[in-house]
Amino acid sequence: MDNKNEEFPKLSRKEFSILQLLISNGEMFGLEMVKESEGELKRGTIYVTLQRMGDKGYIESREEPRELPEIGIPRREYSATGLGERVYQTNIKAQEFFNRDFVLEGYN
Amino acid sequence: MKEDTSKNQIPILKFLNKHKWRIILPLSFSLFYLALPRYTKKIIAVQQNAFFKSSVLGEAEMIEEFSEIKEQVLSDESLKNLILKYDLYKTEREANVAENVLVEKLRNSVEIRIGNETFDRTAFIWIRFNKENSQNIAALSGEVMNQFEKNPDIHIDKYVSNPYDANVYRSYVFFGALLQGFVMLVIPLILLWEIPNMFYSPKTKEMVFEPLKSDWQNELTDAKMRKQPLKAFQINIQYSYSFIAAIIQKSPLGDLVEFVRKFAK
């Protein structure tokens with residue numbers, strides 16, 4: 001199977017922030033990411049973004065494990081997948097490359 | 001057996017059945033509020049020292065003089081003229097209601113009094129009507145005022161305040177505001193939680209709305225355990241908006257916006 005992706009997997013600002021948080025902190029809850037992002041991520045939009053990222057295969061999630069029966073809806077824990085980490089690193093490299101070229105060409 | 005019946009119901013009927021009283025009660029209150037009689041009320045305030053020609057009158061004399069003028073203004077003859085001039089109680093007149101009944105009705109609608117100590121040096125004319133045109137009321141208030149002015153004992157320099165409308169009794173407004181607030185806060189909150197069950201796929205519910213509800217529940221429980229009612233209220237408001245934002249983002253409109261954004265990139 002050919003795993004090559006012809007289209008460059010460009011991340012949106014929100015997707016980038018989410019992957020950055022998940023890669024540096026490991027598994028996180030949605031609300032934790034909202035609080036850690038200091039205003040970059042919002043309560044109302046984060047889960048929609050997380051679902052889209054899950055569909056693209058950048059992240060995976062599971063319901064929080066519970067030992068005893070607890071009242072309330074269980075939370076979901078999110079983590080970056082291998083693909084997500086690769087896409088994140090690629091975006092950082094692309095950004096570095098772009099910035100370096102800017103400096104070389106005298107735009108900075 | 002009862003459980004089996006509820007399981008077989010379609011989601012919207014299940015929701016309506018479950019929350020029927022939460023919907024029926026606020027709606028009944030709202031209908032009751034709408035059915036309450038509404039009044040148009042006009043108030044004119046006049047400076048008392050300017051109102052009476054003689055400023056050296058004692059309080060008792062002032063009240064006596066005021067009462068005499070009031071009697072003249074509210075006399076049968078004066079009120080009959082006003083009814084005809086402003087075409088008041090048209091329906092009743094067409095139905096041949098006796099003139100003296102209409103005069104009495106108008107007299108009961110007009111209240112003229114000297115302000116108490118809190119409104120020192122101010123006299124008020126209150127005119128109250130059921131379902132009456134507010135322009136009519138404004139003209140009528142002015143007419144009553146003019147009749148006061150015509151009296152040789154009265155000298156009016158200026159109106160303290162412009163006549164203004166109080167379309168609904170203040171208490172009714174307060175009662176209505178409470179009810180509307182109740183309706184606005186309670187019904188949408190219940191509906192919000194149920195919207196995903198009616199319109200979105202199980203996957204979207206599981207991945208978007210359930211985690212949001214879970215965060216809402218956790219933060220709210222936390223605030224309540226810390227006995228912070230204001231914080232709890234703020235959380236409810238904040239999550240209501242977040243929930244609406246998520247609903248919009250996952251709607252066809254949200255998909256269209258996402259598509260356009262991708263296309264633009």
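Trainee: In what sense do β1(A) and strand β3 of chain A pair, and over how many bridges?

Mentor: They pair in the antiparallel sense, over 2 bridges. In this pairing β3(A) covers residues 76-80. Keep in mind that the model is predicted.

Trainee: How many helices and strands does chain A have?

Mentor: Chain A has 4 helices and 3 strands. Along the sequence they follow the pattern α-β-α-α-β-β-α. Buried residues make up 27% of the 108 residues in chain A. Then take the contacts in chain A with a separation of 6 or more: residues 24 or more positions apart account for 50% of them.

Trainee: How do I read a helix pair?

Mentor: Two packed helices are described by the angle between their axes and the distance between the axes. Take α1(A), residues 13-25, and α3(A): they pack at about 80°, with axes 10 Å apart. Angles of 65 to 115 degrees count as roughly perpendicular, so α1(A) is roughly perpendicular to α3(A).

Trainee: Which residues of α1(A) and α3(A) meet?

Mentor: From α1(A) come K14(A), E15(A) and I18(A). They meet T49(A), L50(A) and M53(A) of α3(A). By class, this contact has 3 nonpolar, 1 polar and 2 charged residues.

Trainee: At what angle do helix α6 and helix α8 of chain B pack?

Mentor: At about 95°, with their axes 9 Å apart. Here α6(B) covers residues 76-85 and α8(B) covers residues 99-109. That angle makes α6(B) roughly perpendicular to α8(B). On the α6(B) side, the contact is made by D76(B), L79(B), K80(B), L82(B) and I83(B). On the α8(B) side it is made by E99(B), L102(B), V103(B), L106(B) and R107(B). By class the contact has 6 nonpolar, no polar and 4 charged residues.

Trainee: How many residues does each chain put into the contact between chain A and chain B?

Mentor: Chain B puts in 18 residues and chain A puts in 14. On the side of chain B, two elements give two or more residues each: α11(B), 202-225, and α12(B), 229-249. The most comes from α11(B), with 10 residues. By class, the side of chain B that touches chain A has 8 nonpolar, 6 polar and 4 charged residues.

Trainee: How should I think about a nonpolar core?

Mentor: In soluble globular proteins, nonpolar side chains tend to be buried together. In this model the largest nonpolar core has 29 residues. I18(A), Y47(A) and A246(B) touch the most other members. Elements of both chains supply at least two residues each: α1, α2 (30-36), α3, β3 and α4 (82-104) of chain A, and α11 and α12 of chain B.

Trainee: With which residues is Y47(A) in contact, leaving aside neighbours within four places in sequence?

Mentor: In chain A, G30(A). In chain B, M207(B), V208(B), P211(B), L212(B) and A246(B). There is also a second, separate core of 5 residues, and L79(B), L88(B), V103(B) and V110(B) are among them.

Trainee: Where is the place of L220(B)?

Mentor: In helix α11 of chain B. L220(B) counts as partly exposed, with 16 C-beta neighbours inside 10 Å; the buried class needs 20 or more. Leaving aside neighbours within four places in sequence, L220(B) is in contact with A232(B), I235(B) and N236(B). L220(B) and F233(B), 13 residues apart in sequence, are 8.5 Å apart in space, C-alpha to C-alpha.

Trainee: And where is the place of S251(B)?

Mentor: In the loop between α12 and α13 (252-264) of chain B. S251(B) has 14 other C-beta atoms within 10 Å, so this residue is partly exposed. Its C-alpha atom is separated by 8.7 Å from that of Y200(B), 51 residues apart along the chain.

Note on methods. Residues numbered from 1 in each chain as written. Chains lettered and ligands numbered in written order. Predicted model: local features only at pLDDT ≥ 70, side-chain atom pairs only at ≥ 80, totals over all residues. Pairing = 2+ DSSP bridges. Axes fitted to C-alpha atoms, helices over the stretch in contact; angles between N-to-C directions. Parallel < 35°, antiparallel > 145°, perpendicular 65-115°, else oblique. Contact = placed C-beta atoms within 7 Å. Nonpolar A, V, L, I, M, F, W, Y, C, P; charged D, E, K, R; others polar. Buried ≥ 20, exposed ≤ 12 C-beta atoms within 10 Å, placed from the backbone. Core = buried A, V, L, I, M, F, W, Y, C linked by C-beta atoms within 7 Å.
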